[in-house]
Amino acid sequence: MLDTRELGRRPGSQRQVSRQVPAPADLGIEVLHVPEGAPVDLDLRLESVMEGVLVTGEARATLEGECARCLEPISDEIEVTFQELYVYEQHQTPHDEDDEVSRLEDDLVDLEPQLRDAVVLALPFQPLCRDDCPGLCTECGARLADDPDHSHEEPIDPRWAGLAALQQDEAPRGD
Ligand SMILES: [Zn+2]
Ligand SMILES: [Zn+2]
């Protein structure tokens, strides 16, 4: 929550705000996210406009997650920008727009939804420990990046491969 009272209500007045806030829960996606409570650095510009307060922000935080291919832990950093107009409570908007409008409540701005959207949009759908991560051995689950020459003495007999595939298909799905 950000207080906008010091900004004043005169259109055109501006204020820079820098602050550090603890990350809310579920900031990101399951496989890659900002740990809850980790510091998020915010640089914000607040600008008073006719209908409300325009907030332009930059946020920086650290990420934790795991590689989608080899499950190795990943730590990374993220920097996102966002912009949102927070409309004054008393300012009328057409009814059909009401749901999409962010509003000031008691002169306070709630940045969390915009921060969350910006972070989720910026994340890769499948995070990787490195772009060319070879993943895991399909036979034994070893991490191939640690052991690039990895091979098995006795590859599955091609005559049995079809049966093995069949058994995999029949395995119960884990959910
Ligand atoms: Zn990996
Ligand atoms: Zn293997």
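D132 and R130 form a salt bridge, with their closest N and O atoms 2.8 Å apart. A salt bridge here is a side-chain nitrogen of Lys or Arg within 4 Å of a carboxyl oxygen of Asp or Glu. D132 is exposed, at 52% relative accessible area, whereas R130 is partly exposed, at 39%. Buried means under 20% relative accessible area, exposed over 50%, and partly exposed in between (1.4 Å probe, protein chains only).

The model is predicted, so local features need pLDDT of at least 70 and side-chain atom pairs count only at pLDDT 80 or more, while totals for chains, interfaces and linings use all residues. Residues are numbered from 1 along each chain as its sequence is written, chains are lettered from A and ligands numbered from 1 in the order in which they are written, and side-chain values use heavy atoms, without hydrogens and water.

The salt bridges number ten. Side chains of opposite charge can pair when their charged atoms come close. One such bridge joins D107 and R9, at 2.4 Å from N to O. D107 lies in the loop between strand 8 (102–103) and strand 9 (108–109), and R9 in the loop between strand 1 (2–3) and strand 2 (14–22), so the bridge ties together parts 98 residues apart in sequence. Helices (H or I, at least four residues) and strands (E, at least two) are DSSP runs, numbered from the N terminus. D107 is partly exposed, at 25% relative accessibility. R9 is also partly exposed, with a relative accessible area of 36%.

T4 touches both R9 and D107. Contact means heavy atoms within 4.5 Å. T4 sits in the loop between strand 1 and strand 2. T4 is buried, with a relative accessible area of 0%.

A further salt bridge pairs R60 with D43, the closest N and O atoms being 3.1 Å apart. R60 belongs to strand 6 (residues 52–66) and D43 to strand 5 (residues 39–48); the two are 17 residues apart, and the pair links distant parts of the chain. R60 is partly exposed at 28% relative accessibility, and D43 is partly exposed at 29%. Together with E58, these residues are linked in a network of salt bridges.

The largest nonpolar core holds 29 residues. A nonpolar core is a set of buried Ala, Val, Leu, Ile, Met, Phe, Trp, Tyr and Cys residues joined through side-chain atoms within 4.5 Å. V34, V40, L44, L46, V55, F82 and L111 touch the most other members. Strand 4 (32–34), strand 5, strand 6, strand 7 (73–87) and helix 1 each give two or more residues to this core. Strand 6 gives the most, with five. V34 is in contact with A23, L27, V40, A61, T62 and L63, leaving aside neighbours within four places in sequence.

The largest pocket has a volume of about 190 Å³. On a 1 Å grid over the protein atoms alone, a pocket is an open set of points with protein on both sides within 12 Å along at least five of seven lines; lining residues have an atom within 4 Å of a point. The lining includes M1, L2, R19, D110 and L111. Strand 2 and helix 1 (112–122) each give two or more residues to the lining. Strand 2 gives the most, with three. Eight lining residues are nonpolar, none polar and three charged.

Notes:
1 Å grid on protein atoms, 1.4 Å probe; cavity = no way out; pocket = protein on both sides within 12 Å on 5 of 7 lines; lining within 4 Å. Points joined across faces, edges and corners; volume = space filled by probe spheres on them. Nonpolar A, V, L, I, M, F, W, Y, C, P; charged D, E, K, R; others polar.
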